[in-house]
Amino acid sequence: MTHSGDWLMQAELEKAMELGGLAEKLQESLQREKRETARLAEALESADLQLEVQIRAFSKAKQQEAEKVQQAIKQREDSEAEKGEEVQQLQQQMGSLVLEAGSLKKETEKAAADWEKKELKKYKQKIAQLEEETQAKSEVLQKAEETVGTHVHMLVNAKLELAEQA
């Protein structure tokens, strides 16, 4: 080989070495990129997991909040239903009391009327008794007046006879 052939070979060898160095650098760069990609993938996976955990926690919190709201609604409905039942019971009791009051009023009026009739009957009997007694006393008085009148008449006649005799 000639000198220019050596030089050419030498230049190709240098180029090959340079390319080998570049290839090695590229290989190192590729390895760094792979490591960085793996690290980023891990970070992304970790972030994904954290996000999933946060989403689950948020979802669970919202579900619990929805359950609490649902329970509050149910309690309110139950409370309103109980109040409705209480109102209905109170209305029934009030109706019963009104009926009972009406019944008591009728009973009271009947008792008052019965008492009045009884008392009226007593008074009528008492009046009848007093009228009978008055009638009897009137008859006795009339007989007494007749007797007194007869005695007065007899006395007047006796006085006249005595006056005539004297």
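Glu36 counts as partly exposed, at 33% relative accessibility (buried means under 20% relative accessible area, exposed over 50%, and partly exposed in between, with a 1.4 Å probe and protein chains only). Glu36 meets Arg39, side chain to side chain, in a salt bridge of 2.4 Å, N to O (a side-chain nitrogen of Lys or Arg within 4 Å of a carboxyl oxygen of Asp or Glu). Please keep in mind that this is a predicted model, where local features need pLDDT of at least 70, side-chain atom pairs count only at pLDDT 80 or more, and totals for chains, interfaces and linings use all residues. Residues are numbered from 1 along each chain as its sequence is written, and side-chain values use heavy atoms, with hydrogens and water left out.

**Overall form**

- The protein has 1 helix and 0 strands (helices are DSSP runs of H or I with at least four residues, strands are runs of E with at least two, and both are numbered from the N terminus).
- With a radius of gyration of 69 Å, well over the 15 Å that the globule rule gives for 166 residues, the protein is more spread out than a compact globule (the radius is taken over C-alpha atoms, and the rule is 2.2 Å times the number of residues to the power 0.38).
- Along the principal axes, the C-alpha atoms fill a box of roughly 230 × 25 × 15 Å.
- For a sense of scale along the chain, Val69 and Lys143 are 74 residues apart in sequence and 107 Å apart in space, C-alpha to C-alpha.
- Val69 is placed in helix 1 and is partly exposed, with a relative accessible area of 46%.

**Surface**

- Buried residues make up 1% of the 166 residues.
- The protein exposes about 15800 Å², of which carbon and sulfur atoms supply 59% (areas come from the Shrake-Rupley method with a 1.4 Å probe; for residues, only the protein chains shown count as cover).
- A nonpolar surface patch is formed by Val148, Val152, Val156 and Leu160, which together have about 320 Å² of accessible area (patches are made of residues with over 30% relative accessible area and no salt bridge; like charges are joined within 9 Å, and nonpolar side chains, namely Val, Leu, Ile, Met, Phe, Trp and Tyr, within 5 Å).

**Salt bridges and charge**

- Side chains of opposite charge can pair when their charged atoms come close.
- The count of salt bridges comes to 7.
- Arg39 and Glu36 are separated by about one helical turn because they are 3 residues apart in helix 1; Arg39 is partly exposed, at 45% relative accessibility.
- Lys74 forms a salt bridge with Asp78, the closest N and O atoms being 3.4 Å apart, and these two residues of helix 1 are 4 residues apart, about one turn of the helix.
- Lys74 is partly exposed, with a relative accessible area of 48%, and Asp78 is also partly exposed, at 34% relative accessibility.
- Lys110 and Asp114 meet through their side chains in a salt bridge of 3.1 Å, N to O; both lie in helix 1, 4 residues apart, about one turn of the helix.
- Lys110 counts as exposed at 53% relative accessibility, whereas Asp114 is partly exposed, with a relative accessible area of 37%.
- The mean positions of the 25 positive and 34 negative charges are 5 Å apart (Lys and Arg count as positive, Asp and Glu as negative, while His and the chain ends are not counted; each charge is placed at NZ of Lys, CZ of Arg, CG of Asp or CD of Glu).
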